[in-house]
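Open the model in your viewer and get ready to select. We will go stop by stop.

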Amino acid sequence: MTMTYTQTQTDSSNSAATDTAHVLIAQSRSDISLCYEAMKVLRPHLEHDAFVQRVQLQQAEGYVLAYIAQNGVVMSATGFRISNFLAWGKILYIDDLITTESARGKGFGGRLLKWVIERAKENRCDAVHLDTGHHRHDAHRLYLNHGFRIGSHHMGLDL
């Protein structure tokens, strides 16, 4: 599936910290590695090499890893893919979205979420979907403030 996206984009933000921040796409192994410390907050079970390998495998399947960095440090990162579903049509599914503890409340997560929503619109998606842990109350506020609604419970079976 062909996906279009803009490498960098500026938009207005209510936080000075994000005014000059650009959203970047992790394309190289070093870009992916740069995102590891931020993503480790969300995915603590992954060691560095396993993280890089999984991202590269998922990229081959259409996964996009995007991030905002300041002074060479990733403040917020997201991973998403575009897929077609019988239930929802063409959607952009957010696999991962995290802002580092020190960068929370500064607008990075909201900026990245807005950027992802714009990618969905550019790709003529019908919706944006994600799953979120029941205990991630700050994330829930962010999603609800951006118009998301709670539509289901996600269930899984470990094999």
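How many strands form the open sheet, and in what order? Five strands form it, in the order β1-β2-β3-β4-β5, with mixed pairing. Strands here are DSSP runs (E, at least two residues) and helices are too (H or I, at least four), numbered from the N terminus. Two strands pair if DSSP finds at least two bridges between them.

A note on the model: it is predicted, so local features need pLDDT of at least 70 and side-chain atom pairs count only at pLDDT 80 or more, while totals for chains, interfaces and linings use all residues. Residues are numbered from 1 along each chain as its sequence is written, and side-chain values use heavy atoms, leaving out hydrogens and water.

Next, select residues 73-85 and 89-99. These are β3 and β4, which run antiparallel and are joined by 10 bridges. Find Phe-80: Ile-94 in β4 stands opposite.

Now look for charges. Side chains of opposite charge can pair when their charged atoms come close. The whole structure has seven salt bridges (a side-chain nitrogen of Lys or Arg within 4 Å of a carboxyl oxygen of Asp or Glu).

Select Asp-96 and Arg-43. Their side chains meet in a salt bridge, 2.7 Å from N to O. Asp-96 lies in β4 and Arg-43 in the loop between α1 (29-42) and α2 (48-60), 53 residues apart. Is Asp-96 buried or exposed? Asp-96 is buried, at 7% relative accessibility; Arg-43 is partly exposed, at 29%. (Buried means under 20% relative accessible area, exposed over 50%, partly exposed in between, with a 1.4 Å probe and protein chains only.)

Last stop: Glu-101 and Arg-104. Their closest N and O atoms are 2.8 Å apart in a salt bridge. Glu-101 is exposed, at 59%.
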